[in-house]
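I am opening a notebook on one protein structure, and I want to write down what I looked up and in what order. The entries go from the whole chain to its details.

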Amino acid sequence: MNTHVKITAAALFFFFMSSSLFTQTIIRGRVIDGFSLQGLPNVNISVPALPTGTISGEQGMFSLEIPDTSQTLTFSRVGYVRRQVPVDQLKAAGDERTTITLAPSVVGLDEVSVISSMAVDRRTPVSVSTISAQTIENELGDQPLPRIAKMVPGVYPSRTGGGSGDAAINIRGFKQENIALLLNGIPISSVENGLVYWNNWLGLADATRQIQIQRGLGASKVALNSVGGTINIITRTSEANKGGKIGYSITDYGNSRFTFSYNTGKLDKGMSISFLGSRIWGPGYVDATYVRAWGYFLSVTQEFNKNHKLVFVGLGNPERHGQRSIMLSSEETDRYGLKFNKDWGSMNGQINNASENFYHKPHLSLNHYWNVSEKTFLATSAYFSPGYGGGKWSDSFMADKSVFEYRNPSQQIDWAGIYRDNYNNTDPYVLASGDTVRGYSKNIQTSFLAGHIWTGLISTLEHDLNENFNFMAGIHYRYFRSTLRQKVRDLLGGDFFIDNYAWAVDGPAGRNEIKHVGDIIKIDNGAIIHFANLFGQLEYASPPFSAFVSGSYSYNWYQREDRYNYVEDIRSEVVERGGYNLKAGVNHNINQWHNIYLNGGYFSRVPYYKFIFANFTNEPSTDIENEQITSFEIGYGLNSKSTRIRLNVYHTYWKDKSILANEYNQFLDPVMISGLDALHRGVELEISHTLTDNISLGGLISLGDWKWKNNVTAEVFDQDNVLKDTVEIYANGLYVGDAPQNQYGLFASMNFLKNFNLKANWIWYDKLFADFDPVSRNDPQDDAQSYEIPAYGLLDVHLGFSFKVADCPAHATFSCYNVTDKEHILRGLDGKDHSPESFRGYWGFGRTFNLGISLSF
């Protein structure tokens, strides 16, 4: 063979070899979280030893062109177990997308789901939305934690006054006291009134693994106040992999956050430890809403063997921040701007905010998980949560005007004027002893102090009766004891303050009426509450059907103690009340794409402690009934290759609702309103569609019709719980206020340049009526609706960028909130004539920015 032929043959050989070697194959699939079963974005997908790679999109979708000779693909993301998948397995799917499941690198996560009653898509027949830690990191910024749920239909999360953590959330028109908030399955809503104080949880977002929002009655067995829905926050537990993370973020108005976390990974003797610490500081967006806060989270897991596991979780957030409590008028906002705050003034060259909050509420839990047998599992959680703190208040004696009525030309509090009037006061006062005194302060600053001990135990037994039936039963016991006190903080120029015990049931009773800094005045009481709950659930699962029926019975022991009103017998009688709930639901998976479900339930809910002792004395309210709630819901779901649809219709009738007017005003007679009925009904729709592997779109619609359904007679009691008067309340036909009845939203997400993600969220709120004081609705001729707050839309944009620093994964985020700088009103209180002029409310923030960066190691 001559040389020319040899060269030609060799060239042809290498040509065919190279053609074969570099033939490309396109692999398509979807990556999901093994715990939540939700799409997992920002997963690194690569071919070993080759530079070829991509990252998964918003819904976990990906496509990657790889050489035909590739054997495996590697899927990796911080916080998840790295997985290698054979290419042949991916090719076998053909045009269908292969689902790749990544397991969280977390110890004890499956066990947490038993206590926390997590809903499973296409199995649990409830309306559910899940928010991942990645979404929280990319989109929350300096907002209060509830704001991360703004794209969930039927949910209205907003700031209130504008201070850090000051927020409220409504679900299907129901306020926070009718929404259950769970932390790893443990109820943390206020025992006394059901409220949630989000400023107590400023650092919780950093420690959150995911948030599941179940709208309606939900699947939880211990969420007894879940009329509107259940918010279940699942924290991080001990990570199985060793490593850590450091992060920093800053807003354009100067608030900063620093975080540091470290995981030991699983140590030799089965122990693993995870720690997270954070620091938040800054001046705030609204004037004088400064914040100084710390956050900590510790999880320690000990695996003794395959059957026993012990997990300790502790977290807390000592904080101090300025607030804006006084609602503003349109005229004030137009004149002074969105950042205007009437709650503060300058004192000795320093900001002195009359509304400041400071609190620390650690939450500690010890969890034991026991695999009794292959069919039986027992999860027990003991928890302890002490809390102490309060806020700045003010008080007055023989004053012509209050602290908030002293105003300088810029409409801030005139502290100098208050100081001057107190210092120059020579008015005499005759004490109960007969002594005449002068030089007392007419206005002072006080601290309203609230503390509590909150402890309990939840134990849940789960047993597989057979391959189709699962039975779950458990107990929950809780002990709660609180103290409320008002303490003199600053005399503001006077020599002392006078508390003449005019409002005390026993009067002065020989007590000293002269008060100095540190002395207790006017409020010194507390609650003692025991609570016991038995619950059970039977679940059936045999594809294509799944169903459940559950019930619980609870019993409450309420007692009040009051060291201000009473000198000797400071404790009330014990008031005992019982309640129960029944829930059931069924789901049918028509095929791999379509499913329908139906659920319903009935609650007989015990009134909160605040309704039992509604008149600020130890005399319990009489003739107050349990609240009755009946709810039904039907829903439909679609899961196709690229489209996800969730549609539901709900109907909730609330009977014998109680409202306490003048609740926070000891100088007005309390008005107990009971017997109110309300109907909440509506339809909710969620759609998401993967247009390409790198582009996804979606939207939501929520249409509500929430109205009060009757008129009632309210009773006015004096301090001896003697009926003084009755007031007719005309509420029939009025819309339920404080949340938009209609919502419309759109979102779009795009991955580009391999490591960048751009997401835009737009939400429109409509049919938002101001909240109203029922006592003001006493005119039978006044059937006008509350002031309708102008509809508004907000556009938020988020840019994320993943990269590496010295081979360590890093991530940067940039967010712009309210891109169009839309002026809008979040919430407010209706005025006497239901007009814009008499309305008072909270305006939202203008355009703001947040920049964050994190590095994992």
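**Ground rules**

I note that this is a predicted model, in which local features need pLDDT of at least 70 and side-chain atom pairs count only at pLDDT 80 or more, while totals for chains, interfaces and linings use all residues. Residues are numbered from 1 along each chain as its sequence is written, and side-chain values use heavy atoms, with hydrogens and water left out.

**The whole protein**

I looked up the secondary structure and found eight helices and 49 strands; helices (H or I, at least four residues) and strands (E, at least two) are DSSP runs, numbered from the N terminus. The radius of gyration is 30 Å, close to the 29 Å of the globule rule for 857 residues, so the protein is as compact as a globular protein of that length. That radius is taken over C-alpha atoms, and the rule is 2.2 Å times the number of residues to the power 0.38. Along the principal axes, the C-alpha atoms fill a box of roughly 130 × 60 × 60 Å.

I also noted that 57% of the 857 residues are buried, where buried means under 20% relative accessible area, exposed over 50% and partly exposed in between, with a 1.4 Å probe and protein chains only. Of the contacts (heavy atoms within 4.5 Å) between residues at least 6 apart in sequence, 68% join residues at least 24 apart.

I followed β36 (residues 627–639) into β37 (residues 643–661), which it meets in an antiparallel pairing over 12 bridges; two strands pair if DSSP finds at least two bridges between them. Three residues form the hairpin that joins β36 to β37, and tyrosine 636 stands opposite leucine 647 in β37. β37 also pairs in the antiparallel sense with β38 (residues 671–692), over 16 bridges, and there threonine 652 has histidine 680 in β38 as its bridge partner.

**Cavities**

How many cavities of 30 Å³ or more does the structure hold? I found 15 of them. On a 1 Å grid over the protein atoms alone, a cavity is a set of points where a 1.4 Å probe fits but cannot get out, and lining residues have an atom within 4 Å of a point. Grid points are joined across faces, edges and corners, and a volume is the space filled by probe spheres set on the points.

The largest cavity has a volume of about 370 Å³ and is lined by 27 residues, with Leu224, Asn225, Arg478, Phe531 and Tyr608 nearest its centre. β33 gives the most to this lining, with four residues. The second largest cavity has a volume of about 260 Å³ and a lining of 23 residues, among them Gln143 and Tyr817, which are listed with those nearest its centre. Its largest share, four residues, comes from β9.

**Histidine 363**

Is histidine 363 buried or exposed? I read 4% relative accessibility, so histidine 363 counts as buried. Histidine 363 is found in strand β24 (residues 363–371). Not counting residues up to four places away in sequence, histidine 363 touches a set of residues including Leu183, Trp201, Val313, Tyr383 and Ser385.

Notes: On a 1 Å grid over the protein atoms alone, a cavity is a set of points where a 1.4 Å probe fits but cannot get out, and a pocket is an open set with protein on both sides within 12 Å along at least five of seven lines; lining residues have an atom within 4 Å of a point.
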